[in-house]
Amino acid sequence: MSTSHHITRRTFIKSGIILTAGIPVVRTYPLWGHTSGSATDDRLFSMFQNPPATAKPFVRWWWNGNKLAAGEILRELDVLQAAGIGGVEINSIAFPGGDDLAIPSMDWLSPEWIEMVKTALHGAKERGMVCDIIVGSGWPFGAEFLAHDERSQLMSLGGRKVRGAGTIALPVADLLAQAAPDIGFKYDGATSDLHALYLAPLQMERFTPPVRLPFDAAADVLQLDIPEGEHVLYALVRVTGFQAVINGAPGAAGPVLNHYRQDVVEKFLARMSDTLFQALDGTDGFRALFCDSMELEGANWCPDFPAEFKRRRGYDVEPYLPFVLYRVGHMGHAIDSADSTQLSGAAREEVARVRHDFFVTCMDIVRDRFLIPYTRWCRKHGCRSRVQAYGREFHPLEASLHVDIPECETWMWSNDGGRDRDLSRRPAYTNVNKFVASAAHFADRRVVSCEEATNTDAVFNATLERLKLTGDQSNLSGVTHSILHGFNYTPPAAPFPGWIRYGMFLNERNPWWPFFPLWAAYKARLSAVLQASDAFADIAVMHPLADMWSLYGPQRDPFPERHYPEYQYRVWEGIHHNGNSCDYISESIIRQSLTANGVLRYAHRQYHTLMLLEVESLSPATASAIARFAESGGRVVLVGRAPYKSTGWKNYKRNDRRVAQTIATMQRRYPAQVFMVDAPADDAVAWFGRIQQQCGIRPYVHIDRPNACVSQIRHRADDDRTVFFFSNCNADEGYTLQCAFPDIAGVPWLWNPETGERFRYPASADGSLTIQLPPAASQLIVFDTTDDASANTAGDAAAEWPAAALSSVTGGVALTDWTLRMEHLNGTVQEQPLPALFDLSADERTRAFAGILYYETTVDAATAAGRRLDLGRVYGVSEVTVDGQLLGCRWYGRHIYRLPNHPTGQRFTIRVKITTTLGNYFKANPANAIGHAWTRNQPWQPVGLLGPVTMEY
């Protein structure tokens with residue numbers, strides 16, 4: 001580590017963002033820190049060939065209803081280990097419904113439940129697997145045992161127009177009902193009390209504090225004196241215990257706790273550590289303690305909130321609450337009301353600034369009283385914290401700085417009946433992934449965890465191909481550690497398909513389960529390399545978070561109600577498609593960064609370009625830091641507009657002038673470094689290509705024809721090897737790219753994550769590579785500073801180079817006259833001649849099929865000399881045999897097989913085996929209540945071998 005790195009690192013730690021002081025060292029696992037290695041011992045390639053458990057996919061192991069048995073726990077661990085799973089997250093959750101086989105539920109933290117945890121821990125250790133556990137059950141934290149004042153609180157708002165002069169009578173029950181939150185997971189024991197009444201004008205151009213009305217707190221009906229004219233009467237209602245734990249299991253269901261109170265948080269955590277950890281004699285065996293989604297449904301209050309606000313922001317928030325608060329709807333969204341003061345001019349601006357301060361205070365309190373104590377508690381007990389630290393209550397980037405294993409999420413969406421196989425139109429990664437991954441990079445953490453392939457749209461219709469596309473997009477967004485969503489605890493005796501909470505139906509009764517280890521091996525090898533290297537980025541992108549919070553408040557990530565600006569999450573895609581990489585950055589990170597020689601440096605991260613997306617508001621200190629970066633030679637790209645005002649309310653007029661002056665001076669003094677560019681319209685890929693030209697941004701990989709389906713990331717290993725991962729997210733179209741790597745040293749090699757082999761990459765005379773990416777394909781390219789031909793692990797490179805098998809078949813003979821054997825999972829078997837291939841879902845007689853299909857044809861002497869077989873369009877996993885000889889398996893992309901050599905003129909039989917999904921069977925079968933409930937609203941999925949099947953000469 002260089003001296004400058006040490007200095008920067010000390011500055012970084014001194015900033016207080018990373019929690020280190022006074023926290024014990026915790027147990028480490030392979031690939032968490034930087035590993036040493038060199039070209040001679042080649043540890044990186046060894047890990048690639050034989051990934052450790054920490055690099056293999058994990059599963060969220062739903063303990064459905066905690067209806068558990070030790071034998072079944074061990075059986076399921078065997079199933080997972082055999083499938084290539086490296087670890088489990090024990091996740092107690094509500095029973096999903098169906099036949100529970102009269103198995104009783106165990107309460108969370110009960111002695112019998114703890115025995116099951118012991119079984120799982122010991123069983124995982126014996127199998128070389130890693131074990132995490134969720135804290136509590138479901139999400140967010142909560143339980144039946146919470147006292148009333150320990151439950152989550154919400155300051156809600158009701159408003160109505162009133163006219164005076166005169167006295168009006170208002171039932172308190174009506175005021176409370178008008179402000180009641182309308183959320184999805186209500187707790188029946190919620191209580192409401194009237195906090196305050198305010199009277200405000202119908203319209204306000206300059207802010208005037210509303211009049212606080214006295215009232216009799218003991219009265220059922222209030223008598224209120226209203227002055228002359230029309231007014232808006234606001235009722236501030238404090239609601240306690242309004243939300244129930246989502247899908248909580250017995251013992252940790254009931255009301256959600258108040259995450260704004262540190263004493264309540266620590267009491268809840270101590271209940272788990274004092275009970276479970278003591279019974280386990282410590283937590284030996286747990287890697288991490290998990291906190292799932294912070295879906296607090298708009299919780300925003302604690303008894304000392306007004307005092308905390310004043311301490312942190314320097315003024316009283318109470319007069320502004322009627323204009324900042326709102327009635328809460330689903331997932332904390334605001335329910336608009338026509339009965340509110342119409343703000344304009346200076347009043348609107350002032351309230352917007354207070355709104356910003358209000359929500360920043362909420363984030364600060366939850367960070368200080370929940371997130372930091374949570375990580376401290378995990379480390380105290382020898383574990384790491386693993387948290388999905390995003391949502392309305394968290395800064396989307398900075399919160400993850402306080403987490404040992406920050407986690408994001410990637411979803412598996414419906415493919416619209418097989419018609420939408422291009423994930424560029426609806427990416428699988430969510431908007432939080434880049435925030436979370438960037439935070440991990442700033443905190444020098446290589447493990448970026450992901451709740452991967454979350455599936456509520458396509459249950460029973462998930463395919464391995466879709467899983468690969470989804471997982472590849474996770475990696476492109478910065479993920480290095482996949483935790484699949486998920487694996488259901490379900491005894492074999494449970495009626496088919498078993499106990500299903502959510503997910504892809506990862507289960508040995510899934511027809512394509514025998515092929516799952518192929519994806520698991522691919523993912524493990526890819527993750528091994530990514531976890532053992534550092535993500536590279538040369539551009540920092542700042543979102544207008546302060547502006548969004550001022551106008552609309554924080555959003556419910558990862559599914560925000562609005563994007564601000566609309567294109568904000570397309571910018572990073574355009575950057576990567578065009579051969580650069582980026583991190584997201586925040587004001588705090590910018591202020592703490594060092595600038596020199598045109599580089600913005602934070603810890604070991606450094607950027608030559610800082611891009612601001614329609615940012616209007618900055619703190620004066622951030623504006624000054626950006627100006628220093630430009631002065632040092634750094635490139636500042638202002639998209640759409642330039643900052644001109646400050647954040648927050650206190651001293652804002654003076655701060656506005658400082659920001660405006662600093663930015664204007666920067667633009668005037670450094671025109672060669674500061675660029676004002678138009679915002680992107682529809683095509684972010686073409687837009688950033690123009691930005692590269694306009695602003696002189698040089699890509700580290702020059703891609704001749706960037707497009708929205710092919711993206712890349714770059715990593716750097718400890719032995720100075722440079723790693724690239726290219727991926728095509730289109731399952732229908734392939735692409736060939738000419739790529740130049742002008743500043744990358746070393747010899748390129750293709751590392752094949754499916755097989756663990758590597759091949760010398762053929763390069764042009766100028767060093768450029770021709771990268772072929774067929775549908776759904778990806779490539780891992782490693783530039784090695786040594787040129788050791790013996791490292792080719794598959795023999796002769798020219799003969800074995802995989803790209804030769806990837807190109808499409810462009811000429812040949814179409815094979816016809818098939819016979820079809822249909823082995824249905826229900827035990828029935830049908831055989832029929834097949835003059836023409838067709839989609840089984842298009843015929844009512846076959847659309848309900850699920851199981852194994854066998855297509856067979858005999859090739860006559862005239863066409864028997866074919867070299868390759870292209871199956872054309874296939875829906876399912878294919879296997880091909882020729883005269884009984886298995887040629888292999890294809891589970892994604894093009895289904896192309898190299899045919900064995902046959903004497904000219906010799907006839908042979910081709911048999912194509914297709915393994916299907918289950919969705920159509922359940923959709924057509926209302927008698928199977930569980931399967932049909934998940935699939936009845938899904939479209940029919942294409943099934944089978946559609947062809948055309950072509951034999952290439």
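**Entry 1: helix α13**

I began with helix α13: 6 of its 8 residues are buried, so the helix is largely enclosed by the rest of the structure. Buried here means under 20% relative accessible area, exposed over 50%, and partly exposed in between, with a 1.4 Å probe and protein chains only. Helices (H or I, at least four residues) and strands (E, at least two) are DSSP runs numbered from the N terminus.

I noted that this is a predicted model, in which local features need pLDDT of at least 70 and side-chain atom pairs count only at pLDDT 80 or more, while totals for chains, interfaces and linings use all residues. Residues are numbered from 1 along each chain as its sequence is written, and side-chain values use heavy atoms, with hydrogens and water left out.

I listed the buried residues of α13 as Leu545, Ala546, Asp547, Met548, Trp549 and Ser550. What do they pack against? I found α9, α10 (432-442) and α15 (587-592). Just after α13, Gly553 has a positive phi of about 85 degrees.

**Entry 2: α13 against α9**

I looked up how helix α13 (residues 545-552) sits on α9: the axes are 7 Å apart and the angle is about 110 degrees. That makes α9 roughly perpendicular to α13. Axes are lines fitted to C-alpha atoms, for helices over the stretch in contact, and angles run from 0 to 180 degrees between N-to-C directions. Angles under 35 degrees count as roughly parallel, over 145 as roughly antiparallel, 65 to 115 as roughly perpendicular and the rest as oblique.

From α9, I recorded Ala352, Arg355, His356, Val360 and Met363 in this contact; from α13, Ala546, Trp549, Ser550, Leu551 and Tyr552. Contact means heavy atoms within 4.5 Å. By class, the residues of this contact divide into 7 nonpolar, 2 polar and 1 charged. Ala, Val, Leu, Ile, Met, Phe, Trp, Tyr, Cys and Pro count as nonpolar, Asp, Glu, Lys and Arg as charged, and the others, Gly among them, as polar.

**Entry 3: α16 against α17**

I then took helix α16 (residues 620-631) and helix α17 (residues 652-669), whose axes come within 9 Å and cross at roughly 10 degrees. That makes α16 roughly parallel to α17. Pro620, Ala623, Ser624, Ile626, Ala627 and Ala630 of α16 meet Asn655, Arg658, Val659, Thr662, Ile663 and Met666 of α17. The classes are 8 nonpolar, 3 polar and 1 charged.

**Entry 4: nonpolar cores**

I checked the largest nonpolar core, which has 161 residues; Trp63, Trp113, Leu276 and Phe516 have the most contacts inside it. Helix α9 (residues 345-380) gives the largest share of this core, 13 residues. A second, separate core of 61 residues includes Phe435, Val541, Tyr602 and Ala623. A nonpolar core is a set of buried Ala, Val, Leu, Ile, Met, Phe, Trp, Tyr and Cys residues joined through side-chain atoms within 4.5 Å.

For Phe516, I left aside neighbours within four places in sequence and found contacts with Ala83, Ile85, Leu464, Leu467, Leu484 and Leu506.

**Entry 5: two loop residues**

Asn707 lies in the loop between β26 (702-703) and β27 (710-717). Asn707 is buried at 16% relative accessible area. Its side chain reaches the backbone nitrogen of Cys709 at 2.8 Å. Beyond four places in sequence, Asn707 is in contact with His577, Val685, Tyr735 and Leu737.

Asp100 is in the loop between β2 (87-93) and α4 (111-126) and is partly exposed at 25%. The side chains of Asp100 and Lys67 make a polar contact at 3.3 Å. A polar contact is a pair of N or O atoms within 3.5 Å; within protein, one must be able to donate a hydrogen and the other to accept it, and residues adjacent in sequence count only if both atoms are side-chain atoms. I also noted Pro495, 395 residues from Asp100 in sequence and 9.3 Å away, C-alpha to C-alpha.

**Entry 6: backbone exceptions**

Most residues other than glycine have a negative phi, and most peptide bonds are trans. I found a cis peptide bond joining Trp139 and Pro140, with omega about -15 degrees. The peptide bond from His485 to Gly486 is also cis, with omega near 0 degrees; Gly486 is in strand β16 (residues 481-488).

Asn597, not a glycine, has a positive phi of about 55 degrees and is exposed at 74%.
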